[in-house]
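Please have a look at it first.

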4 protein chains.
Amino acid sequence: MSHPTSEQLQQWRREFHQMPEIGWSEFVTTAKLMSMLREMGYQVLPGKAFLSQDAILGRRQQDVEQGLARAQAYGISPQLIAEMAGLTGCVAQLDTGVAGPTIAMRFDIDCVVVAESQHPQHIPAQLGFASENPGYMHACGHDGHMAIGLGVAQWLMASRSTLKGRFKLIFQPAEEGVRGAKPVAEGGILDDVDYFFSAHLGMGCPSGEIMVNPLEFLCTTKLDFRFYGAPAHAGINPQGGANALAGACHCVTQLLGIPRHGDGMTRINVGTLHAGEGRNVIPAKAELQLEVRGANQAINQYMIAQALNIGIGIAQSYGLRFEHEVMGEAVDLHNDTELIDLVSRVACNEIGLKPREGLFGGSEDATLLVKRVQDLGGKAIYFVLGSTIAAGHHEASFDIDESSLLQGVQVFTGCIRVLSGR
Amino acid sequence: MSHPTSEQLQQWRREFHQMPEIGWSEFVTTAKLMSMLREMGYQVLPGKAFLSQDAILGRRQQDVEQGLARAQAYGISPQLIAEMAGLTGCVAQLDTGVAGPTIAMRFDIDCVVVAESQHPQHIPAQLGFASENPGYMHACGHDGHMAIGLGVAQWLMASRSTLKGRFKLIFQPAEEGVRGAKPVAEGGILDDVDYFFSAHLGMGCPSGEIMVNPLEFLCTTKLDFRFYGAPAHAGINPQGGANALAGACHCVTQLLGIPRHGDGMTRINVGTLHAGEGRNVIPAKAELQLEVRGANQAINQYMIAQALNIGIGIAQSYGLRFEHEVMGEAVDLHNDTELIDLVSRVACNEIGLKPREGLFGGSEDATLLVKRVQDLGGKAIYFVLGSTIAAGHHEASFDIDESSLLQGVQVFTGCIRVLSGR
Amino acid sequence: MSHPTSEQLQQWRREFHQMPEIGWSEFVTTAKLMSMLREMGYQVLPGKAFLSQDAILGRRQQDVEQGLARAQAYGISPQLIAEMAGLTGCVAQLDTGVAGPTIAMRFDIDCVVVAESQHPQHIPAQLGFASENPGYMHACGHDGHMAIGLGVAQWLMASRSTLKGRFKLIFQPAEEGVRGAKPVAEGGILDDVDYFFSAHLGMGCPSGEIMVNPLEFLCTTKLDFRFYGAPAHAGINPQGGANALAGACHCVTQLLGIPRHGDGMTRINVGTLHAGEGRNVIPAKAELQLEVRGANQAINQYMIAQALNIGIGIAQSYGLRFEHEVMGEAVDLHNDTELIDLVSRVACNEIGLKPREGLFGGSEDATLLVKRVQDLGGKAIYFVLGSTIAAGHHEASFDIDESSLLQGVQVFTGCIRVLSGR
Amino acid sequence: MSHPTSEQLQQWRREFHQMPEIGWSEFVTTAKLMSMLREMGYQVLPGKAFLSQDAILGRRQQDVEQGLARAQAYGISPQLIAEMAGLTGCVAQLDTGVAGPTIAMRFDIDCVVVAESQHPQHIPAQLGFASENPGYMHACGHDGHMAIGLGVAQWLMASRSTLKGRFKLIFQPAEEGVRGAKPVAEGGILDDVDYFFSAHLGMGCPSGEIMVNPLEFLCTTKLDFRFYGAPAHAGINPQGGANALAGACHCVTQLLGIPRHGDGMTRINVGTLHAGEGRNVIPAKAELQLEVRGANQAINQYMIAQALNIGIGIAQSYGLRFEHEVMGEAVDLHNDTELIDLVSRVACNEIGLKPREGLFGGSEDATLLVKRVQDLGGKAIYFVLGSTIAAGHHEASFDIDESSLLQGVQVFTGCIRVLSGR
């Protein structure tokens, strides 16, 4: 019934660190997880078995194809590749056979588009476990999340005779861009869950501390806007086209001016804009990647509605065709008091972590999983597990403090013991 | 069969100069014209009898009411006021009783919103015939046009036994803002006309010269745009309103960017914008006065269509109600060769004016009358009669050279003699 | 030592209600206050004696002139008009002659631009004390504030032998538009004050309740932006002018897009925009009335800095001259705990008002006075005194519940007794 | 003294067609030209010897490197590659040794970025001489221009004993984007030239016809605008960055609204815009490719000045760094009457081509060469040589009528015979 050693957790974390994969392309990562979890004795479902395909967001065919090619090159078995059927992520399930609560935990598995630092003072570079997938990096700590998940899995399997109820360990793809949680939630895997736990390493909370109930999660929706017009020679026939670049620029100037909301914070960002084909051609195509945020779901919906009205109005003004696509979604967070108390007790009283209050400020799609569980009557929590980081999240020299990993496992297992101990 | 003396023309011109009236409010002016023309022996129709009421553009109720009050105060007889029935302008008709062509001439009668110079070197101030309607001034020469029209009328009546055919002298209201010609054209008064003549004094052409075929008349349409939204407290409820001022501003930024046209000149101006109710209120109303121009009617229509699309799109983007109103219209000019030759011959060979080539550059609603006549098979011309001016048109110290008035009468009557002499 | 009767307070309030005067034009109001307070025995300073003239904001010459004319017509004595010297507001001072704290109170005296309801169910209309200054109305309760101020003054003078220390009753002009507090603060009248009290009637708090510590006061700055360009004929010479209307519209589209702030709420509103001279003239002038707000002073400063950068940039882009003028200012509110406790005790325990929590949401320039006192070591509070209102603040049928007036006096005097009782 | 055969011209044209090279990368093309011209007996200067390096526009290092690699792979000799020293284009010179005029001719050599049609009805595809440089194509006829140039060169060398004076055949790089003429003009190679000839195939003029004096060449300047800001997390720190994308979009909305010009046509196009790094990051970089045009140089300068003012103003408004770079330039065209008459006589009377009037509508950098010659007292002409084309210029199935090539040679040589015959 003992926990894995810190060394084991470190080794897992470093193995994942070395092979970072962007959302929806985590085929090597998923294959490793599935193999390890099956080896431990779990029944493991591939993404195909639990993701709602209609609810998948922001999955780029190009990323999927590169991921599959990488998996083949890496030597993942054809059977496993076939079983994954183009979808990443997996769920490990355990039924103790004794009546009791159903507990789910979620660990996210994707990386970010950052070229990892090669500086000798950057530990992964120094110790030789830096990214081997150029331009991609586990710079947000998801490698650590997976290590914690495996540690919990190992402890659970070893302790199963002392536990009651059922367990689901969800290894979720595509958290970056808040894309992967929606198909998990809508796939139904959480619908019988009584307790749900998820956590993030770092996030401004130093090693030895825990932010049990981080506040100010912003609801968010990630959107792509596309405008299609018609080209024309800009010198001879300037009136002949339909200028998608002009429409897109006016769209941006309107989007940035969406009114603030009296009931709470809002955000709007147009992160990228690419438009036009050549200097002397009326531009026929424009693409915008944007995101809106709101302090709650009503405010976020307000932002979406305003943004879409603007897109439609611009298309009318400029004679363009307007398309939009939802690329990601997350909601706000309302941790259940019962679990706030439980995690506090376990983390602070038993493990000795120091409590810390704090604001999250950003967005996280685990909130969709929390909401799904709560909507169906379960209790759920998302907390921040302290880990002193070497640089900001998503920076090239980001690194977690590996000593936090064991603490992470202990918080999860401590809570399980309380809720599911026989 | 002699022409009026220069002194008579000067006296008429100065009488009109003293009582300038803005478009659709020319009740004193019209009453004077009707009385004088009836005294000469003409059958005179009031505006009501020949203007198409559906086609009236840019007639502001406030101007009409002020004009009526001015007419009463001036001592215009109640009978005449009743006969005008709220509409200005008149047509004097003469039938010689002998078969022959029908010839129409147009003289415009309204003034502009300019406060006349009181400078002692400004002749009307010096000689005591400056505007007695403060803030308004005959600063475009229409007072001279009316004097020429009366001179032609006097000559015609005196010469009628030597002439054949029929004559219509149209004294048109509301030329400024290109508002009054449309209801004249659509009222049908020109539909049996064989020859149509109109002219403008000044316009860059000095005394003693004539621009028989001025080029580059731009088609134009004058539009009012209005946006209606909803107010809200800008501090407490910024998302609650629908911001008409924001919509109007984005509308302007889009309007000014309507693409140039490869086939010819375009223009767009938003001349005025008034929006909002108070500093801390989301603005609920915005009004724009704008105009578009184009080298020909197709290009002008392109500009209108683009502008309206923008208005509609903005309303969609900002949740506003959008209204537009056409406030004025003019088209391009294509003088008939037969009349270009005739006017040249009369003006240059007989009267001794020096021919001049030139560009008009602006817009004039006599073009709608020219077009109506031409569309129905008649011939038409609009020319510029030289008159050295003291300052630019629409400036406070504008003044014509009164010696041009007799030359103007002579050009008209010379042409009539050629076309209608027995 | 008794309070004024409710009837007396009602009569005062109705007298002021009948003669509402807009900020910086309150000459009748000020003259009445000065006379009454002098009659009670106070030494009374006119505005000139305590307002910092350099710090006066948003004082329109036209309002001042109309106010002076009104005062003359009303029969205010030439001596009093001369004493006011063009500035409104007054301060009544009382020195008990016994060492003790200096206490200041502020009552605001101006009205808003609202045409009062004539509906028979609107009490002021029904009872014949509705506004006699058409288009203006005490629709924010400042008439009641003055009645309370006079009631406190009467009590103070009557009770002076039982009190120690000194008292200043500040009757402040031009609170609307947050214009009048700055010259009060910078004039120094508060610099020796130990305790400062101010209050507002209504504001969503019903009769019988009190909001001792309202939250979410937004810092705000009111700004006028003006752009000056050059006119040109829009048809003939479109490139010749410098388009102030175009610059203003682009300015608005940029202002509305000033980025949100991660540390707290912001607001931006362009409430009015007036630009242009005529439809066919490149517009040479544009004026914007705008306001920014921020959850704290740093955020408000950020908004101001962004707005000014935009104005400067626009002037550069469009070849315009840019002017800005600060028209009003308020800051956020941090009531002192000592006074929160004191007002609560007096209002709830002694007078029996029910405490209420609440958000203010808007802005108030009493905050500048609070800040001045606190910056120099004094204690200060601003609270909301419940009064059930007939319609929203600034609406045509707004009316206070006059029964609150006596409660208001009692809260002020109750606190004074505690702090200054011998 | 005979001309090359049509077959020879066709063979040269097809050889160049097969190896299209984009501006400033025409190393294979230049090497072939230099070798052929030297073989004919000419003294040939490489680009380095006659191009002003300070005046080079729009030369992308990446294109140069790819071009050099292509030349190596193609087997161009290292000596020739070294001689070109990174610059393309060449000039062949011939001195007859007999006193006489100096005549220069210009033939442009670069291709466009178009993927050539593979359709079997597209003659180059059918006959196997389609582009072997994927994504690039001679879709503007410059392959034909080079064939004509070689034909003229061959005839000149063969006829030299019958001619007097000197000859310069300029094979100019980078005409597309109007980039290559400026360094030719400023390099001085034309400064002793008495007569200058250049021509374009096609351009709406069918085989058998010639447009000796095409009108409406627009002056143009090609500009790149770049804005540099600062990134920040769009959720947590939206106020922290400097938004280059927002600035760029407002820049576009302002650029498209640069006022029309009363003196003649203007154009403005922002052809491409690329901005931003990621959806949730305040964008730190934006790049715009734009072009302005004007009916004459003053109007074009007006457009440039307006555009730069806007860029500077935007940088001010958004706290960005603004850079601009001139990427290309051409001016308007004023053919000399003496050469209009000469070309007409030769082409129509001698060769039998049918004269055609027409508008060019676009821009051409040969105009800079024409202007250089004229400014120094020489005579110059640019004409359009009819060639029925299979599809519009810059389209994938563009093809010239090869029978025009010989006519082209004959027009040039016919003029030379007149001007330089002994």
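This is a predicted model: local features need pLDDT of at least 70, side-chain atom pairs count only at pLDDT 80 or more; totals for chains, interfaces and linings use all residues.

Residues are numbered from 1 along each chain as its sequence is written, and chains are lettered from A and ligands numbered from 1 in the order in which they are written.

Let me turn to a single chain. Chain A holds 13 helices and twelve strands, these being DSSP runs numbered from the N terminus, with helices (H or I) of at least four residues and strands (E) of at least two. Its radius of gyration is 23 Å, close to the 22 Å that the globule rule gives for 422 residues, so chain A is as compact as a globular protein of that length; the radius is taken over C-alpha atoms, and the rule is 2.2 Å times the number of residues to the power 0.38. The C-alpha trace of chain A spans about 80 × 50 × 40 Å along its principal axes. Of the 422 residues in chain A, 60% are buried, meaning that 20 or more other C-beta atoms, placed from the backbone, lie within 10 Å of the residue's own.

Now to a sheet, in chain B. This open sheet has eight strands in the order S1-S2-S4-S3-S5-S12-S6-S11, with mixed pairing, and two strands count as paired if DSSP finds at least two bridges between them. At its edges are strand S1 (43–46) and strand S11 (354–355) of chain B, each pairing on one side only. Within the sheet, strands S5 (residues 195–201) and S12 (residues 379–385) of chain B run parallel and are joined by seven bridges, and B:Ala199 has B:Phe383 in S12(B) as its bridge partner.

How many residues does the contact between chains A and D take from each of them? It takes 36 from chain A and 36 from chain D, with two residues in contact if their C-beta atoms, placed from the backbone, lie within 7 Å. On the side of chain A that touches chain D, S8(A) gives the most, with eight residues. Three bridges join S8(A) to strand S8 (residues 266–275) of chain D, and the two run antiparallel; here A:Ala275 has D:Leu273 in S8(D) as its bridge partner. Chain A, too, is superposed on chain D by a rotation of 180° with 0.0 Å of shift along its axis, at an RMSD of 0.1 Å. Because 100% of the interface residues of chain A are also interface residues in chain D, the copies meet through the same surface.

Finally, back to the pair we began with: six residues of chain B are in contact with six residues of chain D.

Methods
A residue is buried if 20 or more other C-beta atoms lie within 10 Å of its own, exposed if 12 or fewer, and partly exposed in between; C-beta atoms are placed from the backbone. Copies are superposed by least squares on the C-alpha atoms of residues with pLDDT of at least 70 in both.
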